[in-house]
Amino acid sequence: TRSLLGVFEEDAAAISSYINQLYQAMRRIYDAQLSSCHAVLSTQLADAMMFPITQFKERDLKEILTLKEVFQIASNGPNLLVVDAVNQKNKHQFPRSILSDKDNHDTAINRYSRLSKRRENEKVKYEVTEDVYTSKKKQHQTMMHYFCALNTLQYKKKIAMLEPLLGYMQAQISFFKMGSENLTEQLEEFLTNIGTSVQNVRREMDSEVETMQQTIEDLEVASDPLYLPDPDTTKFPVHRNLTRKAGYLNARNKTGLVSSSWDRQFYFTQGGNLMSQARGDVAGGLVMDIDNCSVMAVDCEDRRYCFQITSFDGKKSSILQADSKKDYEEWICTINNISKQIYLSENPEILRSPLKCSSLCLKPTSNSILHQLFIVRFLGSMEVKSDESPDVVYETMRQILAARAIHNIFRMTESHLLVSCDCLKLIDPQTQVTRLRICDSVGLAKQIAFHAELDRRASEKQKEIDKVKEKQQKELSKQKQIEKDLEEQSRLIAASSRPSQSSGEGQFVLLSSSQSEDSDLGEDGKKKRESEA
């Protein structure tokens, strides 16, 4: 806001310088009309040329300078100027200065910051809170009216540039009426267009001023609770899922062994870094890397709402003080969330978990999603003959480190390696910009390996099925052979158990060789044969 305000103030200063020069030039033209024949021209120049530029110079530009001084005193100076509503005709409010240290905004804030935490005095606390409320409200009103005047100046400067020139040319046209035949219709049309443009700008300015005045009224009503230094948390709830935070904090600086001072600066988070920006600075500076840091509430010099941030290696720490309980709790929650690298996720609200784990975050769904962060450094690269053994990695690193030592190269580029189920990312730790996204090759390799594993399992399963079928076929063939043998043996037993019958004369019963043997062996041989059967 202050950087943008500086641009508008430079523009206002340039307009003021140019208008002063234009005023002096037109004043010389006006003073040069001395003869009686120029009396009419002089009157027209006074009305149409000198009056509008004098009005702009003496009223509008002085108003900007006055409001600038009011704003600077209210923002930076030792006293605060009270803004009162006067001159309702122009729909603007002008400042009335009251030299009172009590209304000083910075003094009120400092008194409020020094309120005792252990020995609270309700009367003192009420007076200090009332001073902060009044100073904040008056500073806000001064700021809004100053900004409104700067915005209105963008319209007024167009009118201030065009109206005097338009009046000058119209006066010259009237004066040299005898030479009007030399003025073409195109020039008259041009002047008419310029006059129409001026009227349009004036109407647009009036509409814009009315809109800004209404906006100021709405902002005053809506901002009234915000002037309190410690708003009610029931009306303004604490947001505990934030991964970004910005606002003014008091920072403790040691000035000696036992003495310290408190400086008020604007602090904001940027990725995994805590930044601060002093008043007047164009950009912020790094305060601390808050990845994997720790934050906790502390008691410090009997001040309220103090907390301490300690870096992950414990080498750096900062003690900060918030203005309100809401800001105090939100800063602690935000830094805790950033410390867990939740800000690296595309959906930090879902990934936020109460578990104190800085590398693994789980969504509250049925599928677990891995988000693991590693700090990596680039050593170098070299060609290797084989990559079949892990020893190749160690040997390559040893050779690269030896080469870096020989050439006195010790600086290494640090990155954050984010491993997730979707991809691998190399992230710049300062800007949080993704340097490299490793997902296509890894994904393709994973798919190839997955399909190869599926094919291998399918092939093994098919072999097992074939073996089972082959075994079943053998069992079936063996069963059929056994049934066939039993059938043959049953047929033989049936044939051998038939009684021998003699036929008529000249007819004989033919015996098989086995039956012949049975008859030769006698009764014992026959029983033996039957048992074998």
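Which residue forms a salt bridge with R252? Select R252 and E301 to see: the two form a salt bridge, with the closest N and O atoms 3.1 Å apart. R252 lies in strand β3, while E301 sits in the loop between β7 (294–297) and β8 (306–310), so the pair ties together parts that are 49 residues apart in sequence. R252 is partly exposed, with a relative accessible area of 24%. E301 also counts as partly exposed, at 40% relative accessibility. Keep in mind on this tour that the model is predicted.

**The whole chain**

Zoom out and show the cartoon. The protein has 533 residues, of which 32% count as buried. Its secondary structure consists of 10 helices and 13 strands. Among contacts between residues at least 6 apart in sequence, 55% join residues at least 24 apart.

Side chains of opposite charge can pair when their charged atoms come close. In this model the count comes to 22 salt bridges.

Select E329 and R240 next. Their side chains meet in a salt bridge, 3.0 Å from N to O. This pair links distant parts of the chain, 89 residues apart: E329 is in helix α6 (residues 325–339), and R240 is in the loop between α5 (185–223) and β3 (246–254). Is E329 buried or exposed? With a relative accessible area of 18%, E329 is buried, since the cut-off for buried is under 20%.

For another pair, go to K57 and E58. They form a salt bridge in which the closest N and O atoms are 3.3 Å apart. E58 is partly exposed, and its relative accessible area is 36%.

**An enclosed space**

Rolling a probe the size of a water molecule over the atoms shows where empty space is left. How many cavities of 30 Å³ or more are there? The count comes to two. The stop here is the second largest cavity, which has a volume of about 50 Å³.

To find the second largest cavity, select the residues that line it: Y112, S113, L115, N250, R304, Y305, Q321, A322 and D323. Colour them by class, and the lining of this cavity divides into four nonpolar, three polar and two charged residues. Then colour by domain. Domain 1 (1–183) and domain 3 (246–340) each contribute at least three residues to the lining of the second largest cavity.

The last stop is F378, in strand β10 (residues 371–378). Is F378 buried or exposed? F378 is exposed, with a relative accessible area of 54%; the cut-off for exposed is over 50%.

Definitions and conventions
Residues are numbered from 1 along each chain as its sequence is written. This is a predicted model: local features need pLDDT of at least 70, side-chain atom pairs count only at pLDDT 80 or more; totals for chains, interfaces and linings use all residues. Side-chain values use heavy atoms; hydrogens and water are left out. A salt bridge is a side-chain nitrogen of Lys or Arg within 4 Å of a carboxyl oxygen of Asp or Glu. Buried means under 20% relative accessible area, exposed over 50%, partly exposed in between (1.4 Å probe, protein chains only). Helices (H or I, at least four residues) and strands (E, at least two) are DSSP runs, numbered from the N terminus. On a 1 Å grid over the protein atoms alone, a cavity is a set of points where a 1.4 Å probe fits but cannot get out, and a pocket is an open set with protein on both sides within 12 Å along at least five of seven lines; lining residues have an atom within 4 Å of a point. Grid points are joined across faces, edges and corners, and a volume is the space filled by probe spheres set on the points. Ala, Val, Leu, Ile, Met, Phe, Trp, Tyr, Cys and Pro count as nonpolar, Asp, Glu, Lys and Arg as charged, and the others, Gly among them, as polar. Domain bounds come from an automatic or database domain assignment. Contact means heavy atoms within 4.5 Å.
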